[in-house]
Amino acid sequence: MRAVTMCLALGALAVALAAPQQQDQPAKTYTEEDAKQYLNKLNAELLQHSNMAAIAEWAYASNITDETLQNKLKVAADTARFQKEAWKETVKYPWTTYKDPNVRRQFKKLSVLGAAALPEDKYEKLDKIVSDMQNVYSTAKICDFKNREKCDLNLEPGETTSFSSSSFRPLCYSPLLLL
């Protein structure tokens, strides 16, 4: 039995040594021209994702419901996933060696990932917390400075405008300063 195992092992070794050795693939070179083409393609895709995210954000900001929140969070997560994948490709380029300052500028911006660098669950948690904060701010009610029994004033859009044109005294009463 031991001889059979030894024979099989030697046979496998002989096959492995006799098989043609694969040449290592030469590392892909990323020329400046390749970088420009990549940026053109990536910018078009980023434009689509950014547009979808802005539309979802606007839909939520103008109609705060669970449905618009879930859509906004889904679109934001999809956009973050795309940004993370794009970043993985972007950092392969030796952009600091390129001559064109516009190409270097774009790569410099794209090589910093931001919140999309978070693991997916943490990114979704962050986005949910920010959305909840937006909800609290946009639905908050405050009391009138002159009539403290009247507590049905919205912060948005009216009171933020009056804050910017008010005298100092009503602003001191603002609950925003108590936060």
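Contact here means heavy atoms within 4.5 Å. I keep that in mind for these entries, and I note that the model is predicted.

**Helix α3**

I started with helix α3, residues 66-90. Its 25 residues should span 36 Å at 1.5 Å a residue, and I found the end C-alpha atoms 35 Å apart, which agrees.

Next I asked which residues of α3 are buried. The list includes Thr 68, Leu 69, Leu 73, Val 75, Phe 82 and Thr 90.

**Thr 79**

Leaving aside residues up to four places away in sequence, I see Thr 79 touching His 49 and Ala 53.

**Asn 63**

Where is Asn 63? I located Asn 63 in the loop between α2 and α3. Asn 63 counts as partly exposed because its relative accessibility is 42%. I also checked the record: an unreviewed UniProt entry has the annotation "glycosylation site" covering Asn 63.

**A nonpolar patch**

Leu 118, Leu 126 and Val 130 make a nonpolar surface patch of about 200 Å². Of these I followed up Leu 118, which sits in the loop between α4 (101-110) and α5 (120-139). With 31% relative accessibility, Leu 118 counts as partly exposed.

Definitions and conventions:
Residues numbered from 1 in each chain as written. Predicted model: local features only at pLDDT ≥ 70, side-chain atom pairs only at ≥ 80, totals over all residues. Heavy atoms only, no water. Patch = residues over 30% accessible without salt bridge, like charges linked within 9 Å, V, L, I, M, F, W, Y side chains within 5 Å. Areas by Shrake-Rupley, 256 points an atom, 1.4 Å probe, with all protein chains shown as cover. Salt bridge = Lys/Arg side-chain N within 4 Å of Asp/Glu carboxyl O. Helix = DSSP H or I, 4+ residues; strand = E, 2+ residues; numbered from the N terminus. Buried < 20%, exposed > 50% of the residue type's maximum accessible area, 1.4 Å probe, protein only. Expected span 1.5 Å × (residues − 1). UniProt positions renumbered as here; feature names shortened; annotations may be inferred.
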